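The following paragraphs lead through selected features of the structure shown below. Please keep the sequence and the model in view while reading.

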Amino acid sequence: MKKIQKSGEDYLETIYLLSLANINVRSVDVANSLGVTKPSVAKALKILEEQEYIKKGKYAKIALTEKGKLLAELIQKKHKAIRMLLIEILKVSPEKAEIDACRIEHCLSEETTEKLFDFLNIK
């Protein structure tokens, strides 16, 4: 199975965050949140479903599988850790830290991620 791409991680993270606030996540919600077109969302969701990260249910509801939820939670945890490091340690502005965390979260190795969590005492 292919490794999930950065854009796929963005979709998973968005679905995860929307699902925390909204029981029925739909493709239009994902499109609006990411600022992309509905056809782009449809293509991405097809790939994520083939890779078993999501499942589509009745009435166009999108749900994360257990595999998808675990990966989305890890992505979100990395995002928060990077943002925290940038703001609290490096004194980057919250606005710039948010933008940079979104970029950096996708390219950290497992080892670096573990060291970052250890450094920030994140379990």
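Lys 58 sits in the loop that joins strand 1 (54-56) to strand 2 (62-64), where strands are DSSP runs of E of at least two residues and helices runs of H or I of at least four, numbered from the N terminus. The model is predicted: local features need pLDDT of at least 70 and side-chain atom pairs pLDDT 80 or more, while totals for chains, interfaces and linings use all residues. Residues are numbered from 1 along each chain as its sequence is written, and side-chain values use heavy atoms, without hydrogens and water.

Lys 58 has a relative accessible area of 68% and is therefore exposed; exposed means over 50%, buried under 20%, and partly exposed in between (1.4 Å probe, protein chains only). Between Lys 58 and Phe 117 there are 38 Å from C-alpha to C-alpha, at a sequence separation of 59 residues.

Two helices come next. The axes of helix 4 and helix 5 approach within 8 Å and cross at roughly 140°, so helix 4 is oblique to helix 5 (under 35 degrees is roughly parallel, over 145 roughly antiparallel, 65 to 115 roughly perpendicular, and the rest oblique). Such angles run from 0 to 180 degrees between N-to-C directions, with axes fitted to C-alpha atoms over the stretch in contact.

The loop between helix 4 (66-89) and helix 5 (94-104) holds Leu 90, which is exposed because its relative accessibility is 52%. By contrast, Leu 120, in the segment after helix 6 (110-119), is buried because its relative accessible area is 15%. Leu 120 lies 7.6 Å from Leu 85, C-alpha to C-alpha, although 35 residues separate them in sequence.
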